[in-house]
Amino acid sequence: NRLLFAVTQARSSRQYGLQARVTPLRFAEGRLTRQRRGVCYQVQRYVVGGCEMLYLVTFCLPRFLDQDFDDKFITLFHELYHLSPAFEGDLRRLGGRCALHSHSQRAYDAQMAVMARAYLASGADPALHAFLRLDFAQLAHRHGGVVGVTVPRPRLLPVQEPEA
C-alpha cells in the first residue's frame, strides 16, 4: 500500500526502449531532505487515501504490455528489486560504479529471470497474473479499453532546513 502505480504512453511503438521505471520518493536511508549546493531539497510527496507513498512505479504502455509473458514478469521483478530492502523510499544500492544494476544490466536481468521463474514455480496463484498473458490489444478488446493513471515524476522542491 506504499507503492503508487502509474502508466505513461510510450513515445514510439518500437518494441525496444523503456518498459517501466521505479522512482524513489525519499532520499538515501529514507531521509525526507537532502542538501545540494547549499540548498535543502525535498522530493515531492504523494499521499493516497491518507497514506504517503514511498515509490512510484510507472509502466510504459502499450510497450510493456506488448512484451511476451516472461519478459513482462522479468520487467516486474527488475523494477521491484530496485526497492530498498529496508523499504524506506530509497533504492537498493549494489555497490560499485553501477550501483543500480551492478556491473552489468544483462547479468542483473538474468538474475531477475531466475527470481521470476522461481516465483512462478513456487505455486503462485495464476489468477493474480493471468492478465499479463494478454497483450495491449487483447486486453483492450476483452475489457473495452485499457485505463491507467498518469502521475508526473516527482520534483525536487527547495525547502527551508528543519531546525535542529
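Predicted model: local features only at pLDDT ≥ 70, side-chain atom pairs only at ≥ 80, totals over all residues.
Two packed helices are described by the angle between their axes and the distance between the axes. Helix α1 (residues 69-81) packs against helix α2 (residues 105-121) with the axes 8 Å apart and at an angle of about 110 degrees. Because angles of 65 to 115 degrees count as roughly perpendicular, α1 is roughly perpendicular to α2. On the α1 side, the contact includes Phe69, Phe73, Ile74, Phe77 and Tyr81; residues of α2 that take part include Tyr108, Met112, Met115, Tyr119 and Leu120. By class, 12 nonpolar, 3 polar and 3 charged residues form the contact of α1 with α2.

The largest nonpolar core consists of 18 residues, and Val22, Phe59, Leu61 and Phe64 have the most contacts inside it. Two or more residues of this core are given by each of β2 (20-24), β7 (55-61) and α1. Strand β7 provides the largest share, 4 residues. Leaving aside residues up to four places away in sequence, leucine 61 touches Val7, Thr8, Gln9, Ala10, Phe136 and Val146. Another core, of 9 residues, lies apart from the largest one; among its members are Leu25, Tyr46, Leu56 and Val151.

Local features were noted at both ends of helix α3 (residues 136-143). At its start, a side-chain oxygen of aspartate 135 comes to within 3.2 Å of the backbone nitrogen of alanine 137. Just after α3, glycine 144 has a positive phi of about 80 degrees.

Arginine 36 belongs to strand β3 (residues 33-36). With a relative accessibility of 42%, arginine 36 counts as partly exposed. Between arginine 36 and leucine 3, the C-alpha to C-alpha distance is 27 Å, at a sequence separation of 33 residues.

Technical notes
Residues numbered from 1 in each chain as written. Heavy atoms only, no water. Polar contact = N/O pair within 3.5 Å; in protein donor to acceptor, adjacent residues only side chain to side chain. Buried < 20%, exposed > 50% of the residue type's maximum accessible area, 1.4 Å probe, protein only. Axes fitted to C-alpha atoms, helices over the stretch in contact; angles between N-to-C directions. Parallel < 35°, antiparallel > 145°, perpendicular 65-115°, else oblique. Contact = heavy atoms within 4.5 Å. Nonpolar A, V, L, I, M, F, W, Y, C, P; charged D, E, K, R; others polar. Core = buried A, V, L, I, M, F, W, Y, C linked by side-chain atoms within 4.5 Å.
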